[in-house]
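This report covers a pocket, a helix pair and a salt bridge.

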Amino acid sequence: MLREILNRCADSQKLSSEEVVYLLSRTDEDEVRLIFEAARQTRRKAFGDQVFLYGFVYFSTYCQNNCTFCYYRKDNPKPPRYRKTPGEVLDIARELKASGVHLIDLTTGDDPYYTQYPERLAAIVKAVKDETGLPVMVSPGVLDRRGLGLIERAGADWYALYQETHNASLFSKLRLGQSYDERLASKTAAEDMGLLIEEGLLTGVGESPSDRARSFEEMKRLRASQVRTMTFVPQDGAPLAGEPSPGYSRELMNIAVMRLVLPDVLIPASLDVEGLRGLEKRLMAGANVVTSIIPPGKGFAGVASCEGDINEGYRTVAGIQETLDKCRVKSASARDYDEWVAARRKKAWKAARCS
């Protein structure tokens, strides 16, 4: 049955939800190997051997939310809190551009300083866009239509907002006091404005294979252009701190199956959980974006795994090259990424007008 399903993927045939669940449920080493090989072949067909590189600027660790999985939840007194100045953000963005990244990812907690006054956020977006000329992703939490319009007019290309799960009951346990529908609606509004959307899935928090398959369907319905999955890691001071770490096998399988069912989207291999040592596994599962590239010495305490690989210089464009070579992929050119973003935004805009 597995080879039958993988052959259907190779022929670009749509899989049923039952077939997606079947793939996600495979644990036999030989079967997993076949799925990962198929995912890499699908990636190669859509993108060749090129991967894209994202620079990461985590410029505020303040957050108004109390997510049960997050170290930076509002009521946790343990984490350091900071807001980088606009000048500091620009300095980091310049350094990232010089290093060869294709995009600047501007990330904050759900900080009311920016979400309630989105003109502040838009000013930073415009400054970074004007200074670097690179595509910009903004990950600020939920924005209303006014805020979304401001960042889009300031030059943002991407709006990233993770649902974590598309099981509404599980969502309510993860994102306490937050609206499932409001979060989805913000992404839909952004897509209607012509912004590209990144959707995200947290795994290892009690979700079933059926939940994960449903998330893939929702990502497709949302027309997300980038889809990410990250493993739950217990965080000190968060309500889920005592939960066991689930390991990374489900995340890797999510990456592979997302590649098979959403072949032309971008899928990150994040450095933000396992650092450099996890990059190879994620690329070999079918990812084609390296995210969370960070210059050393910038005080990014808000980054997961902030104590490993950053100040050693491993989470840089130069630091990942050996791993890219080992995985037989290479960094795309800046022009390649710009053209992909432009074409995808045009496609998203047409789809939004026709829906």
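Which helices each supply at least two residues of the lining of the second largest pocket?

## Basis

The model is predicted, with local features needing pLDDT of at least 70, side-chain atom pairs counting only at pLDDT 80 or more, and totals for chains, interfaces and linings using all residues. Residues are numbered from 1 along each chain as its sequence is written, and side-chain values use heavy atoms, without hydrogens and water.

## Second largest pocket

The helices in question are α1 (2-10), α2 (17-24), α3 (29-47), α10 (209-222) and α11 (249-261). Helices here are DSSP runs of H or I with at least four residues, numbered from the N terminus. The greatest contribution to this lining is that of α3, with 7 residues.

In total 27 residues line the second largest pocket, and Leu6, Cys9, Ala10, Thr42 and Leu260 lie nearest its centre. By class, the lining has 14 nonpolar, 6 polar and 7 charged residues (Ala, Val, Leu, Ile, Met, Phe, Trp, Tyr, Cys and Pro count as nonpolar, Asp, Glu, Lys and Arg as charged, the others, Gly among them, as polar).

A pocket is an open set of points on a 1 Å grid over the protein atoms alone, where a 1.4 Å probe fits, with protein on both sides within 12 Å along at least five of seven lines; lining residues have an atom within 4 Å of a point.

## Salt bridges

The whole structure has 27 salt bridges (a side-chain nitrogen of Lys or Arg within 4 Å of a carboxyl oxygen of Asp or Glu). One pairs Glu119 with Arg146, their closest N and O atoms 3.1 Å apart. Glu119 belongs to α6 (residues 118-132) and Arg146 to α7 (residues 145-154), 27 residues apart.
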